[in-house]
Amino acid sequence: MVLQAGAGCGKALRTDQPVLTPAGWRPIGTLTVGDPIIGRDGLTYEVTAVHPQGIRPLYKVTFSDGTIVIADADHRWLVQSNKQRDRHTPGSVLTTTQILERGLTRPNSTGARWFVPMPDPIKLPEVTLPLDPWLLGILIGDGSFGGSICLTNPERPIIDRVRALVEPMGIVLKQGTTNEITWRLSYESRTLPGRRGFYNPLTDILRDLGLHKHRSHEKFVPSIYRWASADQRLELLRGLLDTDGYRCHRDAAEYVTTSRQLAEDVRWLVQSLGGTATLVEKETRCKLAYRLRIKTPAHLVPFWLERKAADWCEGARVKPFRAIRSIAPADAAEAVCITVSAPDHLYLTTGCVPTHNSSSLKMIAQGDARRRMTYVAYNSSIAADARRSFPSNVVAKTGHGLAFDPRYGERLQRPRQTAHQAAQALDVKAILGIIGATPSIKTDLGHPKAMTSKIIMRCALDTVGRFCHSADPEITARHIPRYDGLTTKDARGGLEELVLPVARAAWADLRTDDSVLRLDHDHYLKSWALSGPTIPTDVVLLDEAQDTNDVLSAVLLAQEHAQRIAVGDSAQAIYGWRGASDALAGFVRELACPELTLSQSFRFGPAIADRANVWLNLISAPLRLTGWEAAESTVGPLDTPDAILCRTNAGAMGIVLEGLAAGRKTALVGGGSAIKQLAWAAEALQGGRPTDHPELMGFASWDDVRQYAAEEDGSLEVLVKLIDEHGPARIVAAADGLVSEQQAELVVSTAHKAKGREWPAVRIHGDFRAPKTHPETGLVILPREEARLAYVAVTRAREQLDDLALEWVRTVTAVSG
């Protein structure tokens with residue numbers, strides 16, 4: 001089965017919805033890959049992927065304890081029926097829409113039908129506190145912090161424990177003369193040398209915590225206590241409830257305060273310990289009061305005072321629970337979904353409600369636990385996340401992971417080899433029979449290009465790399481890359497004569513266990529593929545199939561014993577230049593399998609969807625996007641875009657220089673190393689030295705680059721203009737002056753590196769060049785991969801798109817490739 005998922009089709013929470021982290025709550029929209037979050041088991045995990053979804057239709061999900069979560073229709077929830085909850089059996093993963101369709105109440109009943117699992121206590125590290133947490137709870141509940149610090153409480157056990165805690169501080173309890181249940185907490189020495197007036201260390205502590213002179217309706221729990229360890233938070237809760245709490249049932253307590261902030265703080269303490277706290281307002285004669293009905297897990301008694309703690313939860317049948325009470329439409333807004341590394345792929349949002357991350361293939365895997373499945377991931381980080389989050393019947397690996405053998409370990413660990421070192425190790429001159437002068441070939445401009453052993457080796461390694469990405473059994477001339485400046489028949493012939501023998505010798509060496517060349521991961525993957533492997537599985541799940549290399553596609557297609565399911569977007573297949581092939585098309589063509597599409601985009605509105613569909617129509621893609629009517633997207637000129645997307649590294653280099661010259665904090669997606677390497681390669685040619693940079697390797701001098709750009713390939717004009725105007729040194733300095741994306745006022749990216757990203761306002765840069773008219777047919781022919789790249793670029797915008805640089809699309813009359 002093939003699933004085509006268009007740009008912007010996803011599952012999400014509203015961007016302002018809080019997600020629990022070890023440092024506190026953070027809006028989900030601010031999270032990035034690698035950020036720590038708290039899982040349902042209370043432990044710390046990482047965000048492994050962030051997927052902004054743009055403006056989406058949303059729902060307000062209200063739970064039995066008053067907690068509210070704003071999620072989209074496709075957001076997934078782990079829910080249990082009342083029987084599953086009572087029997088401690090696993091629940092089901094349902095979307096918001098599915099929960100609505102199945103109903104919120106049980107059949108023939110008004111009782112709630114769906115319950116979300118309660119979290120375990122949040123496991124935060126123990127912190128050094130200025131005051132015992134139980135004592136602080138007692139003082140917040142029954143203390144007054146005006147002039148003197150007083151405690152009004154009739155419970156002798158509480159007074160005795162308070163006395164034991166404060167006496168080591170030099171503080172004594174003095175009973176009031178007019179009210180025998182009021183106690184003054186005074187410093188024994190009353191004064192401190194060098195300090196005027198009376199001294200009380202307790203006063204200093206309360207002042208540092210921000211509580212001194214706060215009246216009852218102004219009290220709160222200081223932050224350091226809210227984010228202390230579970231044991232410390234429980235002791236604080238016990239102090240608060242020993243004073244202003246009481247038992248209202250065997251398994252429930254109530255707490256009343258006139259401080260709204262304190263009520264919210266107590267609610268957090270309860271929820272962070274795996275309980276529930278329902279908050280209601282209550283009118284009194286003097287002030288508005290806030291009442292919390294509290295339920296905690298049976299083993300966590302929320303009282304220390306014996307008369308309140310006795311028989312807590314004894315015989316109680318109902319444990320803390322959180323049921324879904326209502327789901328109602330909410331205003332459309334920006335939304336985002338995240339993937340986390342927790343084994344159950346749950347993280348905590350508002351009120352410590354566990355919520356789910358997303359994946360189409362994961363849902364398929366969860367739907368059939370009886371069959372062995374192999375999930376083939378695009379990269380190692382995705383595979384690692386899948387191993388943690390997919391069910392146990394799924395083996396998650398990259399293509400390289402499938403092919404790996406421990407015997408390759410030593411050769412993979414060798415130091416990196418430069419092209420010069422590899423040429424010496426393989427002895428290129430001996431392979432080619434070179435004696436004396438360095439061979440040369442004629443460039444497209446007719447100038448001789450010296451082909452040193454280093455350059456020949458670089459070309460040979462590039463050729464081996466392209467062969468390893470292919471499904472071909474042998475290295476041929478078609479695997480030699482295309483190099484600017486070496487495109488004529490004579491130039492290509494000269495390359496073949498020098499490069500093919502060395503490439504074949506290199507591949508023969510790499511297939512031996514004692515190779516002189518350093519083994520790469522693509523090398524052993526190709527060797528494995530040539531062996532005709534059989535994967536021991538019932539189902540193959542291929543993710544990001546549009547970017548799968550032919551070598552892996554061929555292996556997966558050959559697994560005739562297994563069902564094969566591929567997910568991806570053919571229109572985003574933009575890595576053909578490095579050997580990737582659209583496996584989706586291959587699956588449909590070779591297996592005649594059904595093809596399903598997801599076409600409703602929630603990232604942007606109709607205006608941007610229409611621009612995307614121009615490109616989808618041009619390449620005859622199997623889907624067309626439908627923009628979301630509620631999203632206000634516009635297409636037109638932009639003066640200050642959030643991001644500028646370029647076709648080339650040289651184009652990105654130019655925008656970076658412009659942004660820095662204008663005083664804007666500028667970031668480059670992927671960093672500045674590619675720009676610096678290109679500038680250094682230009683500097684080498686200016687100095688009369690050869691370079692093995694793939695974009696400039698085909699030129700003998702910088703003058704050759706200038707001439708080629710003017711006469712043959714306009715895509716190099718930008719690079720030539722920048723180097724000639726600014727010089728390599730200034731460009732390298734500019735790359736060093738880039739800031740992070742979080743600090744940037746402008747983000748610059750190539751379209752390739754922008755894949756998977758999005759911004760509110762995007763401008764397409766002018767280095768997306770219009771194709772030339774074919775001299776024989778008169779047709780304006782655009783390579784298919786260039787059209788796909790333009791599609792990726794225009795779909796990065798959520799609200800505003802400036803694609804005036806792509807107006808030439810109207811002149812295209814044919815697509816090739």
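In what order do the 4 strands of the open sheet with antiparallel pairing lie? In this predicted model, the order is β15-β16-β18-β17. The edges of this sheet are formed by β15 (245-249) and β17 (276-283), each of which pairs on one side only, and neighbouring strands are turned against each other by 25° on average, direction ignored. Strand β15 pairs with strand β16 (residues 252-257) in the antiparallel sense over 4 bridges, and Arg247 has Ala253 in β16 as its bridge partner. Helix α7 packs on the sheet, where it touches β15, β16 and β18 (288-295), and its direction makes about 80° with that of β16.

The largest nonpolar core comprises 59 residues, of which Leu136, Val162, Leu185, Leu240, Val266 and Ile294 touch the most other members. When residues up to four places away in sequence are not counted, Val266 touches Leu237, Leu240, Tyr255, Leu292 and Ile294. In soluble globular proteins, nonpolar side chains tend to be buried together.

The structure holds 10 aromatic pairs, one of which is formed by Trp227 and Trp268, with a centre-to-centre distance of 4.7 Å and an angle of 40° between the planes, a tilted arrangement. Because Trp227 lies in the loop between α6 (223-226) and α7 (230-244), whereas Trp268 belongs to helix α8 (residues 260-272), this pair ties together parts that are 41 residues apart in sequence. Both residues fall below the 20% limit for burial: Trp227 counts as buried at 18% relative accessibility, and Trp268 is buried with a relative accessible area of 7%. The rings of Tyr408 and Tyr524 are stacked, because their centres are 5.1 Å apart and their planes stand at 15°. This pair likewise links distant parts of the chain, with Tyr408 in the loop between α12 (399-403) and α13 (409-412) and Tyr524 in helix α18 (residues 521-530), 116 residues apart; Tyr408 and Tyr524 are both buried. Ring pairs also link Trp25 with Trp227 and Trp268 into a cluster.

Aromatic rings are also approached by charged side chains. The charged end of Arg161 sits over the ring of Trp134, at 4.1 Å from its centre, and the charged end of Lys526 sits over the ring of Phe467, at 4.5 Å from its centre.

A further open sheet, with parallel pairing, consists of 6 strands in the order β31-β37-β35-β32-β34-β33. Its edge strands are β31 (634-635) and β33 (666-668), each of which pairs on one side only. Within this sheet, strand β32 (residues 643-646) and strand β34 (residues 746-750) pair in the parallel sense over 4 bridges, and the bridge partner of Ala643 in β34 is Val747. Helix α22 (residues 649-661) lies across β32, β33 and β34 and runs at about 170° to β34. The loop between β32 and α22 contains Thr648, which is buried, with a relative accessible area of 18%. With residues up to four places away in sequence left out, Thr648 touches Thr750 and Asp767.

Key:
Residues are numbered from 1 along each chain as its sequence is written. This is a predicted model: local features need pLDDT of at least 70, side-chain atom pairs count only at pLDDT 80 or more; totals for chains, interfaces and linings use all residues. Side-chain values use heavy atoms; hydrogens and water are left out. Rings of Phe, Tyr and Trp (its six-membered ring) pair if their centres lie within 6.5 Å; planes under 30 degrees apart count as stacked, over 60 as edge-to-face and the rest as tilted. Helices (H or I, at least four residues) and strands (E, at least two) are DSSP runs, numbered from the N terminus. Buried means under 20% relative accessible area, exposed over 50%, partly exposed in between (1.4 Å probe, protein chains only). A charge sits over a ring if NZ of Lys or CZ of Arg is within 6 Å of the ring centre and within 35 degrees of the ring normal. A nonpolar core is a set of buried Ala, Val, Leu, Ile, Met, Phe, Trp, Tyr and Cys residues joined through side-chain atoms within 4.5 Å. Contact means heavy atoms within 4.5 Å. Two strands pair if DSSP finds at least two bridges between them. Axes are lines fitted to C-alpha atoms, for helices over the stretch in contact, and angles run from 0 to 180 degrees between N-to-C directions.
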